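I opened the model to look up a few local features. My notes follow in the order in which I checked them.

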Amino acid sequence: MGNRSGVLELAVLGLLHEAPMHGYELRKRVNAQFGWGRVLSFGSLYPCLKAMLRNGLISADAGTTDAGRRQKIVYTITADGKDHFAQAMHDAGPSAWEDDTFGVRFSFFGRTDPATRLRILEGRRARMEERLANFRAAMSRTAERVDAYTLELQRHGLESAEREVRWLNELIDGERSRQRPPEEHQPPVPPPN
């Protein structure tokens, strides 16, 4: 699932899980919800939709036509598509916390079981802590040899990684507290006389 087309497939299945949509609407939702670095083109979306149709993950129905306009093809997730989506959302391996995949996976965390969410968050935190260590090492090695702009870019990367680690720590703490069984409430013990 680590490649861009696999991530796009997951995003489309997740969105179609909510409601059937036509291609233009899917493109708008993918761009708005996942904020990918560059705008998703129809040249990327439609080949993905065609592959998903061939694989039986989605179906396509021609909608009604407006006067003088082309028919909009409405895409719907199939039972196989729902199964494929559920299986993909249960995967907590390294591809789940990579940069290209994590945001899409995170946006559908509501459909992911708590143990899988926790594994993905912990994996992402480990990846970001590794990145932090690399940023710090690079900055200490190159501080005297780079210009001010390169140093500023490195500092920005370091601060971004630190901020994400803090955020992930908060999410992990929240997941763990929700997974703990509620403590039994015992009535207060009256003080001795």
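I took helices (H or I, at least four residues) and strands (E, at least two) as DSSP runs, numbered from the N terminus. With that settled, I noted that Gly-56 follows H3 and has a positive phi, near 75 degrees.

Ground rules. The model is predicted, so I kept local features only at pLDDT of at least 70 and side-chain atom pairs only at pLDDT 80 or more, while totals for chains, interfaces and linings use all residues. Residues are numbered from 1 along each chain as its sequence is written, and side-chain values use heavy atoms, with hydrogens and water left out.

Helix H3. I checked its length against the expected span, which is 1.5 Å times one less than the number of residues. H3 (residues 42–54) has 13 residues and should span 18 Å; its end C-alpha atoms are 18 Å apart, which agrees. For burial I used relative accessible area: buried is under 20%, exposed is over 50%, and partly exposed is in between (1.4 Å probe, protein chains only). In H3 I found Leu-45, Cys-48, Leu-49 and Met-52 buried. They sit on the same side of H3, because they cover an arc of only 100 degrees around the axis; the arc is taken from the directions from the helix axis to the C-beta atoms. Gly-43, Lys-50 and Arg-54 are exposed on the other side of H3.

Aromatic rings. Which rings pair in this structure? I counted rings of Phe, Tyr and Trp (its six-membered ring) as a pair if their centres lie within 6.5 Å; planes under 30 degrees apart are stacked, over 60 edge-to-face, and the rest tilted. Searching the whole structure, I got five aromatic pairs. One of them is Phe-102 with Trp-167, edge-to-face, at 6.4 Å centre to centre and 85 degrees between the planes. This pair links distant parts of the chain: Phe-102 lies in helix H5 (residues 99–107) and Trp-167 in helix H7 (residues 148–179), 65 residues apart. Phe-102 counts as buried at 5% relative accessibility, and Trp-167 as partly exposed at 33%. I then took Phe-106 and Phe-109, whose ring centres are 5.0 Å apart with planes at 50 degrees, so the pair is tilted. Phe-106 is partly exposed at 28%, whereas Phe-109 is buried at 8%. Ring pairs join Phe-102, Phe-106, Phe-109 and Trp-167 into a cluster.

Arg-117. I listed its contacts (heavy atoms within 4.5 Å). Apart from neighbours within four places in sequence, Arg-117 touches Phe-109, Thr-112 and Glu-175. The Arg-117 side chain reaches the backbone oxygen of Phe-109 at 3.3 Å.

Sheet. I counted two strands as paired if DSSP finds at least two bridges between them. Strand S1 (residues 21–22) pairs with strand S3 (residues 73–77) in the antiparallel sense over two bridges, and His-22 has Val-74 in S3 as its bridge partner. Strand S2 (residues 58–62) and S3 pair in the antiparallel sense over five bridges. Ala-62 stands opposite Ile-73 in S3.

Definitions and conventions: A polar contact is a pair of N or O atoms within 3.5 Å; within protein, one must be able to donate a hydrogen and the other to accept it, and residues adjacent in sequence count only if both atoms are side-chain atoms.
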